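Dear colleague,

I am passing on the structure below, and my notes on what was found in it follow directly after. Please read them with the coordinates open beside you.

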Amino acid sequence: MTQQTWDEVGGLLPHDEFRAASDAIVANIEQVIEGKTATVRLALAVLLAEGHLLIEDVPGVGKTKLAKALARSIDCSVRRIQFTPDLLPSDVTGVSVYNQETHDFEFRPGAVFANLVVGDEINRASPKTQSALLECMEERQVTVDGVTYQLQTPFMVIATQNPIEMEGTYPLPEAQRDRFTARIAMGYPDPTAELAMLDGHGAVDPLPALRPVSDAETVRRLIGHVRQVHVADAVKQYAIDLVTATRESPDLRLGASPRCTLQMLRTARAVAALDGRDYVLPDDLQVLAVPVLAHRLIPTADAQLARRTTDAIIADLVHRLPLPHDRQRAPYDSRPPATGNGRAPFEPRRP
Amino acid sequence: MIAHRNLGLVAAAATLLAAAPLSAIFERWTWLIQAVIAVAAVAAAAALARLGRTPVWAQVLAMLGGLTLALTWLFPSGDELLAVLPTPATFGNFADLLTGSAEDMRTLSVKVPDTDSLLFVTVLGVGGVAVLVDVLCVGLRRPALAGLPMLAIYSVPVAVYVDSVPPLPFAIGAAGFLWLLVTDNVDRVRRFGRRFTGDGRDVDVWEASPLAAAGRRLAVVGLALAVLVPLAVPGMTAGLMTSLNPGVGAGLGGSGLGGAPGRVDLFAALSGRLNQSQVTDLVKVTTTEEEPFYLRFGVADDLRGDGFRVRGPNGQRVTGALPDPGPSRPGIERTRHQATIEVSRDLDMRLLPVYAEPVDFADLGNSWFYDPNLQVVFSNRENSRGRTYSFDYVRSTYTPQALRTAQPLPADLPLRRQQTVTPDVPQVRELVAELTEGKRTEYDKVRALYEYFSEDNGFTYQLNTEEGTSGEQILDFLENKAGFCQQYAAALAWMVRDAGIPARVAFGFTNGNRRTGDTFTLTNRNLHAWTEVYFDQMGWVPFDATPSYGVPGSTRSAWAPDTDAPEESTPQTDTADTPDETDTANGPDDRGSNQVEEGNDPAAVANDGTPTQSAPIWPWLTAAGVLALLALLAVPALRRLALRRRRGQPAPAVRTVGAPEADAAGTGQPVVVVGADPDRARADAHSAWDELIDTLVDYRVRVDQTETPRATADRLATEPLHADTDAATAARLLGRAEERARYARDPLTGEPLPAALSTVRAALAGQANRRTRLMATVLPPSVLHRWRATVADTSARLVASGGRLRYRLLRFSPRRLIAHRAGR
């Protein structure tokens, strides 16, 4: 298997071609998941932003179905891991076994060696097993017995989980939650969509009949296109203001990480590209704030007692944060200070 | 509500207490009764208005109404309905009273009797202050500001009274103010609930809070400043400190006149005594004359470079026969009177106060002498302390016609040679030549010089001026035109001498303001100096140039009438009756006019009715004021118009960019690539968007700083403009242009942004109500908000930099340094 570096992912794609390819994927998924266009597009945006997706919701709303539909729509290697309490890290990453014939240890790749990894019920595995994902999700490599193996591009982990209050679940460690670009909730379909579902899926499951409409090569080119989307200084400033606000909010014990800022801007690029624009708007960041930020943050005990979820806290922040004054940065202008909103330098709170 | 009513009563009472200093200028207490009635009417009107929960402006109207009713009842013209409802005649009466009060203020000096006009002004002023205090305390809850109108009352006696006002009334007024402050604060604290002291316990309402230490410190610092600053500032010496310091104000009673009668600086003694804050009785006079002229005791006729000096007198014993001025002649009336004088133990000098031209003394021993030339009684051994004596004297009065017949004295007469000597001061000489030009008789020259010291020429009475009568000081006085009797008398004498007529300065007492029957009690306040001019065949004739309002008991004569009196009135008779043709329309307008204002207010001048006077200028001033106000009000609208015009300017949408390239066909013709200038388009989009936001602010559509342009445009299109498709499209276009300009690589070009802007504006204007539309045109909220924000930002920046500076200076705080050392 030839390994590609990050710089080799596709060239520039003509605008209409991008649109055709992305629309085809979305339409294909929607054959299975009815009435969830925004969610589907967000899932696709995460894929194009080279991120990982966490789908969290109550059982039976189609989490696994969305993950599998996305995987099947793209003609690339797909592996599935069913996370169970007795799953071991070596089941995820792979293991070296002794080959009798060659009298040597031989590496047998685990489930993560694929373009798309569907991790089902990820929070039913113990934290020990979940930790196996940490390296591959961030660094896109696996190290076993001192040997490092690179993963392919695109590489995306689509995990599903039940909310933490459900029986038999372990909470994901903060480090792993921070590696997921976005957490989306499926939500119940509206009545018309549910009726359409009954009509379409009543007799037969449409998932096996789903044909791939794209391949890994196309996805790489789509990713390359997303990387070219323009981000103005004001938008960057707004992203920084947003994450700074989470760090300074009195309701939050743990704020957003710099990795979060990066991933948010990347996802915003993808959203803008899917929207047919070649520039990012603050609107994109506002739309993404809750999915990208909410799952990484830890509310303070007071906020928890007041039943304020991180979603509500983030929505409130977005509602209160003024847009930065747009300033055209002169070519020889020095970079503005780290926190450009005129406040004192941020002192991180220890969680 | 209860608290408000309570506070209103306290405000009324505090106003009355603050009026206490007025007792210093009135002889009797009638004013207090009337002021109580007026203030009670105001307070009652305010309480009634508050019962109806009316707004503040209605309370003000009610209080003014109450005040008008009280004034009508107190000062009726006779035409009132039910004795309290005012009619036009009432306001005419008010206007007459106001005019009369101006007249009274000029002629009468403290303490004044109860004239109707003065009482009216007093009650009007106190009632007006009561209205103000009530509005400030109860309506606006700013009791500290109420101190200003209260202080205005206090300033009246300070301005009118030449000496310092007794401290007790001020203390009463201040107590009233403090009462007001305390009541308001207690009310506030009660409303707040518990008092937090920092001590961890509750404290009673009346107990001082430990947190109030800062306030106490501020009060101490303020008090110290108030005492120390006047000491440091030159020119503010007459006051508490001066009277505490025994060396300065010694005056006549001390060493001033105790020496030989010759070598005395009567001027210094005079000003010292006038400036003394303590009032002592010096002389008690009983005379058979109805309207006596001033009592005199000294003369300064030796004019040198450093001013008028007293010469040593010489003469004959008073027990002998004294020269008789002779019988009456046509134009000169001489009457003989008898006077008894009791000198108190406080007046200690070797001169005796007598009326001019005494002819026969009783009860005086051999050691007293009379100088017929200076007309003073003196002794070289004894002094005047505690002496009682009586004498006959001749009072001469002259008619101007008789004085006009006086011929110039021959130039070689010793008297003329001696008494017309002046140091050479060219400015004074020129002034005298200018004033006496065209005057033929001696008397007319003197009158011209005398009338020069009138209020029309800007002369005022002021006790706290530089002393001295040397040439330089006389020049200063003629320049500053403010002084007291010493300067007036000396300056007039100097100028008369410069005109070639003998003149000197006489010292003595005015008639004062404490008269019981034929007896006058004279104090150090009544010490006075005036000018005497020598006319051939007539003798020394007195002229008093000092403004009469500054001199209690001032007397004028037929040959030297009051220069400040109106032309048509005769001196001494024009106390209260004023011409009836006074325009009544101006009366009510004057109610706010300052009480201390003296005589020449423009309304009184305009009311004179003489056709020769120039047209009144107040309509022009009013028109100019209204115009200025309008211009001021128009500034925001003009600013908004200018902004809109600047933003609406169509920009040159295209510009040549790039270099000429060779034609693909190889013809060699350079082709200029014409494209839109992105910077220009960006600026256009920004200005269009700014204009849209300002328009939204103007028409009171919500503007949210957290919204993106797209969200704002969407909200506009769905909420206010959903009925108007064109406007909705235009708003979306503006939003798109702005977001492209802000965030995209290349901005939107070629779109009709100004047209879209005017569409949106028209649609918004169509939906707004009339009031909003009017405000958007006349006082655009966007401009006002921006100015307010700028002011707030500036002040915040100032405060912040001040705080930083303070923090930096704190490094040098001694407390900190000591703490460091202790810690080491």
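In chain B, which has 824 residues, buried residues make up 39%, and the chain holds 25 helices and 22 strands. Please keep in mind throughout that this is a predicted model. If one takes the contacts in chain B between residues at least 6 apart in sequence, 71% of them join residues at least 24 apart. For chain A, with its 351 residues, 42% count as buried, and the secondary structure comprises 14 helices and 13 strands. Among the contacts in chain A with a separation of 6 or more, residues 24 or more positions apart account for 79%.

The contact between the two chains comes next. Ten residues from chain B and 16 residues from chain A take part in it. On the side of chain B that touches chain A, the elements that give two or more residues are helix H20 (709-718) and helix H21 (725-743) of chain B, and H21(B) provides the largest share, three residues. Sorted by class, this side of chain B has three nonpolar, three polar and four charged residues.

Elsewhere in chain B, Ser687(B) lies in helix H19 (residues 678-698) of chain B. Is Ser687(B) buried or exposed? Ser687(B) has 21 C-beta neighbours inside 10 Å, and because the cut-off for a buried residue is 20 or more, Ser687(B) counts as buried. The C-alpha atom of Ser687(B) is separated by 9.1 Å from that of Glu738(B), although the two residues are 51 residues apart along the chain.

Helix H1 (residues 15-30) of chain A and helix H2 (residues 37-48) of chain A have axes that come within 10 Å and cross at roughly 130°. H1(A) and H2(A) are therefore oblique to each other, and the crossing in which H1(A) passes H2(A) is right-handed. From H1(A), the contact is made by Ser22(A), Ile25(A), Val26(A), Ile29(A) and Glu30(A), and from H2(A) by Thr37(A), Val40(A), Arg41(A) and Leu44(A). In terms of class, this contact of H1(A) with H2(A) has five nonpolar, two polar and two charged residues.

Some points of backbone geometry in chain A may also deserve a look in your viewer. As background, most residues other than glycine have a negative phi, and most peptide bonds are trans. The peptide bond from Thr153(A) to Pro154(A), however, is cis, with omega near -10°, and Pro154(A) has its place in the loop between strand S8 (147-150) and strand S9 (156-161) of chain A.

Arg140(A), which is not a glycine, has a positive phi of about 55°, and is found in the loop between helix H6 (132-139) and strand S7 (141-144) of chain A. With 16 C-beta neighbours inside 10 Å, Arg140(A) counts as partly exposed. Arg307(A), again not a glycine, has a positive phi of about 60°, and is located in the loop between helix H13 (301-305) and helix H14 (310-320) of chain A. Arg307(A) has 8 other C-beta atoms within 10 Å and is therefore exposed, since the cut-off for an exposed residue is 12 or fewer.

With best regards

Methods. Residues are numbered from 1 along each chain as its sequence is written. Chains are lettered from A and ligands numbered from 1 in the order in which they are written. This is a predicted model: local features need pLDDT of at least 70, side-chain atom pairs count only at pLDDT 80 or more; totals for chains, interfaces and linings use all residues. Axes are lines fitted to C-alpha atoms, for helices over the stretch in contact, and angles run from 0 to 180 degrees between N-to-C directions. Helices (H or I, at least four residues) and strands (E, at least two) are DSSP runs, numbered from the N terminus. Angles under 35 degrees count as roughly parallel, over 145 as roughly antiparallel, 65 to 115 as roughly perpendicular and the rest as oblique. A crossing is left-handed if the near helix is turned anticlockwise from the far one by less than a right angle, and right-handed if clockwise. Two residues are in contact if their C-beta atoms, placed from the backbone, lie within 7 Å. Ala, Val, Leu, Ile, Met, Phe, Trp, Tyr, Cys and Pro count as nonpolar, Asp, Glu, Lys and Arg as charged, and the others, Gly among them, as polar.
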